[in-house]
Amino acid sequence: MLRLAPYMKAGFQGSVLYLGFGSIIHTIKDSDAQLIYLDALSYWANPGSVQDLYAYLLNKGYDDGFFKAIVDDIIKRNYVIPLSNYDKDNPFSRNHLFFNLSGGDPFYIQNKLKNSHVLILGCGGIGNLISVALATSGIGKLTLVDDDEIEQSNLTRQFLFTKKDIGAKKTLILKRELLERVDCILINTFEERASWELLDKISNIDLIVLSADSLDCLPLINKFCVKNKVPFINIGYVQDIAVWGPFYVPGETGCFYCQNIIANDENLSEDIVSQLQAINTNHQAPSNGGVNMLAASLGFLDILKFLGEFSTVHSKNKRIGLWTNNLNLEKQDCLYNIKCAICANI
């Protein structure tokens, strides 16, 4: 039995029929086809089988060769879904609609998420948002790693913390807030800086999300993941640019250092290195809630698609930046390099 997908909408602009909208939008100009689409979709406002719909359309006098092609198109575009695929009382029901919209099997995807373990390194502005998005999507296990305590300045962008939490460990408060929202999740915390020894103690990691701003974290996580064949994604910002990727998948993509995509001190004189250090010593990132939310949201969607095995993970082999000042999208290729100093030596 099929039913009209709850996200399905239809409307006219002039004489053109618009169906679906968003990524499933379809426009129909032919008036005869419009009648069949509308009849078929309105029929499925109540559950019914394909054969029952065929009988209904045949009884209305439509040519069966014509309407069968349209019914096939409606099903292919996910305008209708199996009756069992949506239960509005299920806490993950809206997620299931998104999975259907994206062409995935919601039960398969939800089960994949339930059996996934994600380690989040850095529980600040982006870590807050990523953790709550993953937890409320049905991730089975989260491990939170951060040695920081909550400060007054954090509250402008680390939205799961409040004034009463100032001075407390970020990981512990984040765990408390996540469990207030979802009770079918296991959460472990480590109130310490990331280290190889710590990562070695944590077993069965399906993905590491790096959202920490410590300069030594990226090379550590990159090397650990390449050596231990653990997927990871880096999510952050460069000034006012929301950045996510590259999404490292062992045996499938390049690592962060396969290509030269960030500044480095190679081949520079000692004087220039000293000048750069003087300029950069007191740098304070202009962290902003809006930029954090963009990076976290776009990175989260790639995480969801990777763990749920549906749709396209856009940051594989790419570091992507959304420039918030002009909405330009910049992509840096991070393809596998056989001469990579990390990949080639592990």
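## Helices against the sheet

Helix α11 (289–308) lies across β6, β9, β10, β11 and β12, and runs at about 20 degrees to β11. Helices (H or I, at least four residues) and strands (E, at least two) are DSSP runs, numbered from the N terminus. Contact here means heavy atoms within 4.5 Å. Axes are lines fitted to C-alpha atoms, for helices over the stretch in contact, and angles run from 0 to 180 degrees between N-to-C directions. Helix α9 (residues 217–228) lies across β6 (117–121), β9, β10 and β11 (241–248), and its direction is at about 170 degrees to β9.

This is a predicted model, in which local features need pLDDT of at least 70 and side-chain atom pairs count only at pLDDT 80 or more, while totals for chains, interfaces and linings use all residues. Residues are numbered from 1 along each chain as its sequence is written, and side-chain values use heavy atoms, with hydrogens and water left out.

## The chain as a whole

The chain has 11 helices and 13 strands. Its C-alpha trace spans about 85 × 45 × 40 Å along the principal axes. Of the 346 residues, 46% count as buried; buried means under 20% relative accessible area, exposed over 50%, and partly exposed in between (1.4 Å probe, protein chains only). Among contacts in the chain with a separation of 6 or more, 61% come from residues 24 or more positions apart.

## The open sheet

An open sheet is formed by 8 strands in the order β8-β7-β6-β9-β10-β11-β12-β13, with mixed pairing. β8 (186–190) and β13 (329–333) stand at the edges; each has a single partner strand, so one side of each is left without a neighbour in the sheet. On average, neighbouring strands of this sheet are turned by 15 degrees against each other, direction ignored. Two strands count as paired if DSSP finds at least two bridges between them.

β9 (residues 207–210) pairs with β10 (residues 232–238) in the parallel sense over 3 bridges. Val209 has Ile233 of β10 as its bridge partner. β6 and β7 (residues 141–145) also run parallel, joined by 5 bridges. In β7, Val145 is the bridge partner of Leu121.

## Strand β6 and His117

In β6, 5 of the 5 residues are buried, so the strand is largely enclosed by the rest of the structure. His117, Leu119 and Leu121 point one way from β6, and Val118 and Ile120 point the other way.

His117 lies in strand β6 and is buried, with a relative accessible area of 4%. Its side chain makes a polar contact with the side chain of Thr143 at 2.7 Å. A polar contact is a pair of N or O atoms within 3.5 Å; within protein, one must be able to donate a hydrogen and the other to accept it, and residues adjacent in sequence count only if both atoms are side-chain atoms. A polar atom of the His117 side chain also lies 3.3 Å from the backbone oxygen of Ser203. Not counting residues up to four places away in sequence, His117 touches Lys141, Leu142, Thr143, Ile202, Ser203, Asn204, Ile205, Asp206 and Leu207.

## Nonpolar cores

The largest nonpolar core has 46 residues, of which Ile130, Leu142 and Ile303 touch the most other members. α11 gives the most to this core, with 8 residues. A nonpolar core is a set of buried Ala, Val, Leu, Ile, Met, Phe, Trp, Tyr and Cys residues joined through side-chain atoms within 4.5 Å. A second, separate core of 28 residues includes Ile205, Ile208, Leu210 and Phe224.

Leaving aside neighbours within four places in sequence, Leu142 is in contact with residues including His117, Val118, Ile120, Leu178 and Ile187.

## Cysteines

The structure holds 0 disulfides, a disulfide being a pair of cysteine sulfur atoms within 2.5 Å. Cys123 is in no disulfide, and the nearest cysteine sulfur, that of Cys217, is 11 Å away. Cys123 counts as buried because its relative accessibility is 0%. Cys225 is also in no disulfide; the nearest cysteine sulfur belongs to Cys255 and is 10 Å away. Cys225 is buried, with a relative accessible area of 0%.

## Ser311

Ser311 is found in the loop between α11 and β12 (318–323). Ser311 counts as partly exposed because its relative accessibility is 47%. Ser311 and Ser102 are 209 residues apart along the chain, and their C-alpha atoms are separated by 6.3 Å.
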